[in-house]
Amino acid sequence: MASQSTTVLELRDIVKEFPGVRALDGVRFDVCRGEVHALCGENGAGKSTLMKIISGLYPFGSYAGDLLVDGAVRKFSGIKESQAAGVAIVFQELSLVRELSVAENIFLGREPSTFGVIDWDDVHQRTSALLRDLGFNISPFARVGDLGIGQQQMVEIAKALALNAHILILDEPTSALSDTEIEVFLGMIRTLKQRGVACVLITHKLNEVFAVSDRITVFRDGKSVVSYLAKDVNEHRVIADMVGRELKDLYPRIEKTIHGPILEVQNLTVPHPTIPGRDLLHDVSFTVRKGEILGIAGLMGSGRTEILMSVFGALHGKRKGAIKLEGETLNFASPQDAINRGLALVSEDRKRLGLVLEDSVSRNISLASLAKLTRFGVLDDDGEMKIAKDFVKDLRIKTPGIEAQVKNLSGGNQQKVVLAKWMLTKPKVLFLDEPTRGIDVGARAEIYRIVGEMARDGVAVVMVSSELPEVLGLSDRVLVMCGGRVTGEFSRDEATQEQIMAAATRFSH
Ligand SMILES: Nc1ncnc2c1ncn2[C@@H]1O[C@H](COP(=O)(O)OP(=O)(O)OP(=O)(O)O)[C@@H](O)[C@H]1O
Ligand SMILES: [Mg+2]
């Protein structure tokens with residue numbers, strides 16, 4: 001076991017400041033050969049910042065303290081240098097080039113070449129082998145921009161592994177993966193561990209932490225507050241250390257009345273844009289009532305997101321069937337159309353559909369409600385500020401101020417801004433696609449409470465989520481999708497994890 005305890009990565013008294021924020025305040029952290037060390041903490045605790053220091057993205061000189069790799073102090077000035085030292089990192093924000101193929105992305109900048117000529121056959125073969133080895137079913141030729149966010153995440157992981165690093169850093173690598181893919185991924189970590197790779201795992205899903213970690217360290221407000229062996233503690237303990245307070249019920253119990261139908265989707269069929277004879281959605285019908293929370297469960301690619309996108313006018317192309325809002329047949333030609341009629345969509349891909357990263361927190365929150373905040377053509381700045389401040393407080397958005405640029409917020413806090421923005425539009429129907437992805441447990445409870453209260457106040461909520469406990473905990477009714485079709489529908493009392501899983505894998509043709 002001697003080799004097991006060889007420290008390969010060590011951080012000593014790291015301090016990192018941004019204007020107005022001390023993101024890291026003297027943290028210590030280390031990982032040994034063949035060890036998985038999980039890093040837990042609330043949104044904004046400083047986890048990603050530390051990883052960016054390790055990878056050289058925040059170069060030597062921009063932080064205080066020491067970074068040691070294989071026992072020697074290193075002063076990385078960029079990612080290339082950390083890579084050369086054997087560190088590979090999967091960043092929380094996907095960093096792929098959408099216009100390039102999977103293979104091009106994986107081997108970007110280090111294509112195998114002989115005398116300067118890139119051997120593309122070799123690149124494609126190596127990519128295929130790598131993806132196969134990982135159990136990922138993706139074509140090396142696919143354009144990354146055409147892949148779903150989950151598949152993009154797999155490409156990102158493959159890209160890091162192609163480096164043969166001995167230190168692997170994974171910052172929320174599974175947030176967009178399906179349960180089956182997560183199993184594959186966890187198996188892969190175990191294999192790498194056996195091969196001696198040292199791994200830092202950041203994830204808000206504690207079941208993953210306990211599935212593979214040897215050690216757990218908790219960060220709170222830029223400080224490393226506690227470390228323990230995973231086998232010595234349980235989830236309850238980790239949550240308490242993360243949040244720094246006792247967390248009561250995660251899911252709210254709110255008394256409410258469910259009224260009549262508000263949104264009716266009848267026989268919705270959407271053909272696949274490129275594969276003739278295949279449908280993205282096939283004969284999908286459902287109704288949502290005022291005050292109701294309808295959960296949509298299903299595996300990745302089952303058509304869950306497509307339902308939301310299609311009703312919202314965000315999927316172009318032909319579609320058959322009828323969509324009725326308050327009894328009136330509508331056919332939204334664009335998301336703007338849908339927004340004007342009182343719909344709102346919190347997308348799973350916040351970078352693409354949710355935020356203007358250069359803009360401030362307050363402007364992003366009020367972005368979709370500018371019409372409401374404008375009187376006689378003048379924007380009511382005070383109103384905008386007050387609302388933004390209230391949301392920052394209610395959702396515990398960690399930011400130096402409402403004027404801070406959204407791009408400087410941590411991943412989970414950006415997600416909270418997206419939620420605030422759509423909640424403010426006071427929609428009749430609120431579509432949520434993976435609303436708590438990347439959000440810590442404490443803030444999750446806040447979001448569930450707010451969504452519950454919106455439903456109580458008459459909003460119809462349709463929520464797509466891969467997390468079954470979340471679907472079961474929040475929904476009044478659950479719709480299950482498989483292969484673009486509805487394969488199950490359960491009331492809150494009937495629904496169980498087993499039944500949903502059975503329906504999610506039942507192809508009905
Ligand atoms: N470039 C930046 N400029 C200013 N502040 C920043 C910047 N990057 C991070 N911060 C701040 O530093 C703190 C730590 O952020 P970090 O991204 O490390 O959190 P995290 O633990 O990874 O959170 P999450 O779970 O949401 O991803 C936050 O308060 C964040 O707003
Ligand atoms: Mg982060």
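**View 1. Ligand 1 between two domains of the predicted model.** Ligand 1 lies between domain 1 (2–243) and domain 3 (350–426), because both domains give residues to the shell around it. The structure shown is a predicted model.

View 2. The shell around ligand 1 is made up of 21 residues, and the closest are Gly-44, Lys-47, Thr-49, Ser-410 and Gly-412.

View 3. At least two residues of the shell around ligand 1 come from each of three elements: β2 (21–32), α1 (47–54) and α15 (411–424). The largest share belongs to α1, which supplies three residues.

**View 4. Polar atoms of the protein beside the oxygen atoms of ligand 1.** In the side chain of Lys-47, an N or O atom is 2.8 Å from an oxygen atom of ligand 1. A polar backbone atom of Gly-46 is found 2.9 Å from an oxygen atom of the ligand. At Asn-408, a backbone N or O atom lies at 3.2 Å from an oxygen atom of ligand 1. On its own, ligand 1 has 640 Å² of accessible area, of which the protein covers 91%.

How values were computed:
Residues are numbered from 1 along each chain as its sequence is written. Chains are lettered from A and ligands numbered from 1 in the order in which they are written. This is a predicted model: local features need pLDDT of at least 70, side-chain atom pairs count only at pLDDT 80 or more; totals for chains, interfaces and linings use all residues. Side-chain values use heavy atoms; hydrogens and water are left out. A residue is near a molecule or strand if one of its heavy atoms lies within 4 Å of it. A polar contact is a pair of N or O atoms within 3.5 Å; within protein, one must be able to donate a hydrogen and the other to accept it, and residues adjacent in sequence count only if both atoms are side-chain atoms. Accessible areas come from the Shrake-Rupley method with a 1.4 Å probe; for residues, only the protein chains shown count as cover. Helices (H or I, at least four residues) and strands (E, at least two) are DSSP runs, numbered from the N terminus. Domain bounds come from an automatic or database domain assignment.
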